[in-house]
Amino acid sequence: RLADTRTGLGGSGRLAAGTQVAVQVTGRHGVPASATSAVLNLTAVGPSGAGYLSVFPCASGPSETSAVNYGPGQTIANTTIATLDEAGRVCVWSLAASDVLVDISGWLAPSVGSRLQPIGPVRVGDTRSGLGGTGRLGAGGTLALDLRPWTGNDATAAALNVTVVGASTPGYLTVYPCGGDLPTTSTVNHSAGEIRPNNTIVGLGGGAVC
């Protein structure tokens, strides 16, 4: 987690309407100075009214495009690939007063030879039908998905669309490399009973995500 205005992580408290927080990305959590963009999960928490979050390189000034659209009181997230400014920062601007969380799951740099190989889309897990090896998750439950049949043995990360369906209470899903510690960050934030998706790019642990 790079920023959390609820606790002051990243240097800011709750954003007032029409204000922004600058988030340093490079030099933290292993992100090198050569990184030019980052894979971020942005979450709006308890906004005072309907609106949106916008993310942009701090040096360029606010953007008119939205990365997360929210209603009053919602907790809602979305994943974006954000361009960094020359100082390695992004800024997150909110139309309404809101708390904001910024989590990072990857970075890109011109010198890195990694590439994205599009496939499908293919459904790799569905707890409603048992696809992927399990039924409906209980509270605190974990589903492990081996992605090697689709990604091969050399892939180090995967781009996924993750959907929560009919949760019993408000909460969140966290997607992370299997074999690692459970992160304290969220991938999908949900209310009771709703269907809500989010995109994420996540590292693989032994070819699997949990």
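## A walk through the strands, cores and a pocket

Strand 3 (37–45), strand 8 (99–108) and strand 13 (195–203) each contribute at least two residues to the lining of the second largest pocket. Please keep in mind as we go that this is a predicted model. Strand 13 gives the largest share of that lining, with four residues. The pocket itself holds about 330 Å³ of space. It is lined by 20 residues, and those closest to its centre are Ile104, Ser105, Val175, Pro183 and Thr185. If you sort the lining of this second largest pocket by class, you find eight nonpolar, nine polar and three charged residues.

Four strands make up an open sheet in the order 1-8-3-6, with antiparallel pairing. Strand 1 (3–4) and strand 6 are the edge strands; each has a single partner strand, so one side of each has no neighbour in the sheet. Strand 1 pairs with strand 8 through two bridges, in the antiparallel sense. To find this pairing on your screen, look for Asp4, which stands opposite Leu101 in strand 8.

Next comes the largest nonpolar core. Among its 25 residues, Leu40, Leu42, Leu53, Val90, Val92 and Val102 touch the most other members. At least two residues of this core come from each of strand 2 (19–24), strand 3, strand 4 (51–56), strand 5 (68–70), strand 6 (75–83), strand 7 (89–94) and strand 8. Strand 3 supplies the most, four residues.

Leu160 and Val162 bring us to strand 10 (residues 157–165), where both belong to a covered face together with Ala158 and Val164. The uncovered face of strand 10 carries Ala157, Ala159, Asn161, Thr163 and Val165. Why do the residues fall into two such sets? In a regular strand, side chains alternate between the two faces of the sheet. Strand 10 runs antiparallel to strand 13, and nine bridges join the two. Within this pairing, Thr163 stands opposite Pro197 in strand 13. That takes us back to the strand with the largest share of the pocket lining.

His29 sits in the loop between strand 2 and strand 3. His29 is not a glycine, yet its phi is positive, at about 55°. For comparison, most residues other than glycine have a negative phi. His29 is also exposed, because its relative accessible area is 57%, and the cut-off for exposed is over 50%.

Is Asp85, our other loop residue, buried or exposed? Asp85 lies in the loop between strand 6 and strand 7. With a relative accessibility of 9%, Asp85 counts as buried, since buried means under 20%. Setting aside neighbours within four places in sequence, Asp85 contacts Pro57, Cys58 and Ala59. For a sense of scale, Asp85 and Pro170 are 85 residues apart along the chain, and their C-alpha atoms are separated by 36 Å.

Definitions and conventions
Residues numbered from 1 in each chain as written. Predicted model: local features only at pLDDT ≥ 70, side-chain atom pairs only at ≥ 80, totals over all residues. Heavy atoms only, no water. 1 Å grid on protein atoms, 1.4 Å probe; cavity = no way out; pocket = protein on both sides within 12 Å on 5 of 7 lines; lining within 4 Å. Points joined across faces, edges and corners; volume = space filled by probe spheres on them. Nonpolar A, V, L, I, M, F, W, Y, C, P; charged D, E, K, R; others polar. Core = buried A, V, L, I, M, F, W, Y, C linked by side-chain atoms within 4.5 Å. Buried < 20%, exposed > 50% of the residue type's maximum accessible area, 1.4 Å probe, protein only. Pairing = 2+ DSSP bridges. Contact = heavy atoms within 4.5 Å.
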